[in-house]
Amino acid sequence: MAEIKDPENTIIMELKGGRVTIALLPEVAPKHVERMKALARAGAYDNVVFHRVIEGFMAQTGDVAHGNAEKDYNPRRAGTGGSDLPDLPAEFSKLPHDRGTLGAARSANPNSANSQFFINFSDNHFLNGQYTVYGRVIEGMEHVDAIVRGEPPADPDRMISVKVAADA
């Protein structure tokens, strides 16, 4: 089991294959970290599907408006929504989009990230400086690697639960 050094800034995500532990990076992207923790604490990420999963690239999830498999799920709209909270300003850094990093999904507007995020399957350095990096998988990447692929997947995997480690 991964050593959790900062439970207040660690996310525990349960997938069908097992637990994924994510260390958040508040010193790099404080607004994105606070948003993820707020949505996790509200239960907003629970049962949200991975709506865009591209082999060798990344797995995207977090559409709390249209992606909840248990409530108002719409596969045609999943990936187009966010939360009821305002969009976030970009918090770009020099951290590379390496395998296992968490990036903020957004539209063409750099300041449009809200609730959606992606986990990189591989080093995707072409994203560096264009998308906010605000976390890193420290355990359970094999469960992320097992997420069913597709844009959208025919039978998408979901985040069963997402919690802040301090609350778990």
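**Figure 1. Helix α1 and the lining of the largest cavity.** In this predicted model, α1 supplies three residues to the lining of the largest cavity, the most of any contributor. The lining residues are H32, R35, M36, Y45, L88, A104, A113, N114, S115, Q116 and Y134. The space inside amounts to about 50 Å³. How many cavities of 30 Å³ or more are there? The count is one.

Figure 2. Helix α1 covers residues 30–41. The helix lies across β1, β2 (18–24), β6, β7 (117–120), β8 and β10. With β10, α1 makes an angle of about 120°.

**Figure 3. The open sheet.** Eight strands build this sheet, and their pairing is antiparallel. The strand order is β4-β5-β7-β6-β8-β2-β1-β10.

**Figure 4. The β6–β8 pairing.** Strand β6 spans residues 101–104, and strand β8 spans residues 133–139. The two run antiparallel and are joined by three bridges. T101 has R136 in β8 as its bridge partner. In general, strands of a sheet pair through backbone hydrogen bonds.

**Figure 5. A29 in the loop between β2 and α1.** A29 sits in the loop that links β2 to α1. Is A29 buried or exposed? A29 counts as buried because its relative accessibility is 0%. Leaving out residues up to four places away in sequence, A29 touches E91, T132, V133 and Y134. Y134 also belongs to the lining of the largest cavity. A90 is 61 residues from A29 along the chain, yet their C-alpha atoms are separated by 8.6 Å.

**Figure 6. N9 ahead of β1.** N9 lies in the segment before β1 (10–15). Why does N9 count as buried? Its relative accessibility is 11%, and the cut-off for buried is under 20%. Which residues does N9 contact, leaving aside neighbours within four places in sequence? They are I22, A23, L24, P26, V33 and K37.

Figure 7. An unreviewed UniProt entry carries the annotation "domain: PPIase cyclophilin-type" for residues 18–168. Over residues 18–168, the chain is 11% helix and 25% strand.

Note on methods. Residues are numbered from 1 along each chain as its sequence is written. This is a predicted model: local features need pLDDT of at least 70, side-chain atom pairs count only at pLDDT 80 or more; totals for chains, interfaces and linings use all residues. Side-chain values use heavy atoms; hydrogens and water are left out. Helices (H or I, at least four residues) and strands (E, at least two) are DSSP runs, numbered from the N terminus. Buried means under 20% relative accessible area, exposed over 50%, partly exposed in between (1.4 Å probe, protein chains only). Contact means heavy atoms within 4.5 Å. Two strands pair if DSSP finds at least two bridges between them. Axes are lines fitted to C-alpha atoms, for helices over the stretch in contact, and angles run from 0 to 180 degrees between N-to-C directions. UniProt positions are given in the numbering used here, feature names are shortened, and annotations may be inferred rather than shown by experiment. On a 1 Å grid over the protein atoms alone, a cavity is a set of points where a 1.4 Å probe fits but cannot get out, and a pocket is an open set with protein on both sides within 12 Å along at least five of seven lines; lining residues have an atom within 4 Å of a point. Grid points are joined across faces, edges and corners, and a volume is the space filled by probe spheres set on the points.
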